[in-house]
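Subject: Structure handover

Hello,

Here is the structure we talked about. Please open it beside this note and follow along.

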Amino acid sequence: KQKRKDGKWQMVIFDIPERKKALREILRRALRDIGYQRLQDSVWVCPYEAEKKTEDAIREYGVDPYVKVFLIEEVDI
């Protein structure tokens with residue numbers, strides 16, 4: 001996996017309703033597979049070039065309304 005050249009991290013935050021609990025687990029698994037690390041159950045960060053894969057996963061699972069994606073300067077893990 002290729003780390004971002006700018007040294008920034010991508011952060012994904014989500015709040016998927018309880019009635020869609022299965023989608024939460026599927027999204028978490030997809031984020032893990034992409035290379036994200038969990039900060040909290042619904043806050044994940046990734047140092048890799050993962051924008052396209054992240055967007056594709058969010059769209060594929062139809063969780064767009066529940067997810068926010070950020071580009072951040074640093075992470076204290």
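Leaving aside its neighbours within four places in sequence, which residues is Cys46 in contact with? Cys46 touches Trp9, Gln10, Gly35 and Tyr36, where contact means heavy atoms within 4.5 Å.

Some ground rules. This is a predicted model, in which local features need pLDDT of at least 70 and side-chain atom pairs count only at pLDDT 80 or more, while totals for chains, interfaces and linings use all residues. Residues are numbered from 1 along each chain as its sequence is written, and side-chain values use heavy atoms, with hydrogens and water left out.

More on Cys46

Cys46 sits in strand 3. Its relative accessibility is 0%, so Cys46 counts as buried. (Buried means under 20% relative accessible area, exposed over 50%, partly exposed in between, with a 1.4 Å probe and protein chains only.) From Leu23, Cys46 is 23 residues away in sequence and 20 Å away in space, C-alpha to C-alpha.

The sheet

Four strands make an open, antiparallel sheet, ordered 2-3-1-4. Strands (E, at least two residues) and helices (H or I, at least four) are DSSP runs, numbered from the N terminus. Two strands pair if DSSP finds at least two bridges between them. Strand 2 (37-40) and strand 4 (67-72) are at the edges with a single partner strand each, so one side of each has no neighbour in the sheet. From one strand to the next, the twist averages 25°. Strand 1 (residues 9-14) pairs with strand 4 in the antiparallel sense, over six bridges. Ile13 has Lys68 in strand 4 as its bridge partner.

Helix 1

Helix 1 (residues 21-34) packs on the sheet and touches strand 1, strand 3 (43-46) and strand 4. Its direction makes about 175° with that of strand 1. Axes here are lines fitted to C-alpha atoms, for helices over the stretch in contact, and angles run from 0 to 180 degrees between N-to-C directions.

Which residues of helix 1 are buried? They are Arg24, Leu27, Arg28, Ala30, Leu31 and Ile34. Seen down the helix axis, they fall within an arc of 165°, so they line one face of helix 1. The arc is that of the directions from the helix axis to the C-beta atoms. These buried residues pack against strand 1, strand 3, helix 2 (51-60) and strand 4. Ala22 and Asp33, on the other side of helix 1, are exposed. Gly35 follows helix 1 and has a positive phi, near 125°.

Salt bridges

There are eight salt bridges in the structure. Each is a side-chain nitrogen of Lys or Arg within 4 Å of a carboxyl oxygen of Asp or Glu.

- Lys8 and Glu73 meet at 3.5 Å, N to O. Lys8 lies in the segment before strand 1 and Glu73 in the segment after strand 4, so the pair ties together parts 65 residues apart in sequence. Lys8 is partly exposed at 24% relative accessibility, and Glu73 is exposed at 58%.
- Glu18 and Arg24 meet at 3.2 Å, N to O. Glu18 is exposed at 55%, whereas Arg24 is buried at 13%.
- Arg59 and Glu55 have their closest N and O atoms 3.9 Å apart. They are four residues apart in helix 2, which means a separation of about one helical turn.

Best wishes
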